[in-house]
Amino acid sequence: MTKKEFKERCSFHVYGKGRNKRNAIYFDYMPPNGFRYMVKARVENCTKSELFDVLYHWAINEVIPSWWVDYRYADSDDKRFKVSLMG
């Protein structure tokens, strides 16, 4: 899968304001269960493009995200999760 194809299957979100602002990216949506992957990081630690690279390498190359990135993975379809409206 190319990065462009991967990006088209991602859902990008921004939560909070100021110092508490966070970027979140979700990947691998399956209705009605939700997403399989999620990464989230504070804006001051990571740009949106850097966070996208983290998610891409995790989902495609199985490289575990760095300690400063919050991440979540659903190991089965019944454990998939919905996007939270609140960060």
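**A friendly note on the sheet, the rings and the cores**

1. Let's start with the aromatic side chains. Ring pairs link Phe6, Phe12, Phe27, Tyr37, Phe52, Tyr56, Trp58, Tyr71 and Tyr73 into a cluster. Rings of Phe, Tyr and Trp (its six-membered ring) pair if their centres lie within 6.5 Å; planes under 30 degrees apart count as stacked, over 60 as edge-to-face and the rest as tilted. Please keep in mind that this is a predicted model, where local features need pLDDT of at least 70 and side-chain atom pairs count only at pLDDT 80 or more, while totals for chains, interfaces and linings use all residues. Residues are numbered from 1 along each chain as its sequence is written, and side-chain values use heavy atoms, with hydrogens and water left out.

2. Searching the whole structure gives 13 aromatic pairs. Take tyrosine 37 and tyrosine 73: their ring centres are 5.0 Å apart and their planes stand at 55 degrees, so this pair is tilted. The two tyrosines come from distant parts of the chain, 36 residues apart, with tyrosine 37 in strand E3 and tyrosine 73 in strand E4. (Helices, H or I with at least four residues, and strands, E with at least two, are DSSP runs numbered from the N terminus.)

3. Is each of these tyrosines buried or exposed? Tyrosine 37 counts as buried, at 11% relative accessibility, whereas tyrosine 73 is partly exposed, with a relative accessible area of 42%. Here buried means under 20% relative accessible area, exposed over 50%, and partly exposed in between (1.4 Å probe, protein chains only).

4. You can follow the pairing strand by strand. E1 is joined to strand E2 (residues 22-27) by 6 bridges, and tyrosine 15 has arginine 22 in E2 as its bridge partner. These two strands form a hairpin with 6 residues between them, and glycine 16 in the turn has a positive phi of about 80 degrees. Another 6 bridges join E2 to E3, where asparagine 23 stands opposite alanine 41 and phenylalanine 27 opposite tyrosine 37. E3 and E4 pair over 4 bridges, with valine 39 opposite tyrosine 71 in E4.

5. How much of E2 and E3 is buried? In E2, 5 of the 6 residues are buried, so this strand is largely enclosed by the rest of the structure. Strand E3 (residues 37-42) is mostly covered, with 5 of its 6 residues buried. Arginine 22 lies in strand E2 and is partly exposed, at a relative accessible area of 26%.

6. Finally, look inside. The largest nonpolar core has 16 residues, and those with the most contacts inside it are Phe6, Cys10, Ile25, Phe27, Val39, Leu51 and Leu55. A nonpolar core is a set of buried Ala, Val, Leu, Ile, Met, Phe, Trp, Tyr and Cys residues joined through side-chain atoms within 4.5 Å. E2, E3 and helix H2 (48-61) each supply at least two residues of this core, and H2 gives the most, with 7 residues. A second, separate core of 7 residues includes Tyr15, Ala24, Met38 and Ala74.

Conventions
Two strands pair if DSSP finds at least two bridges between them.
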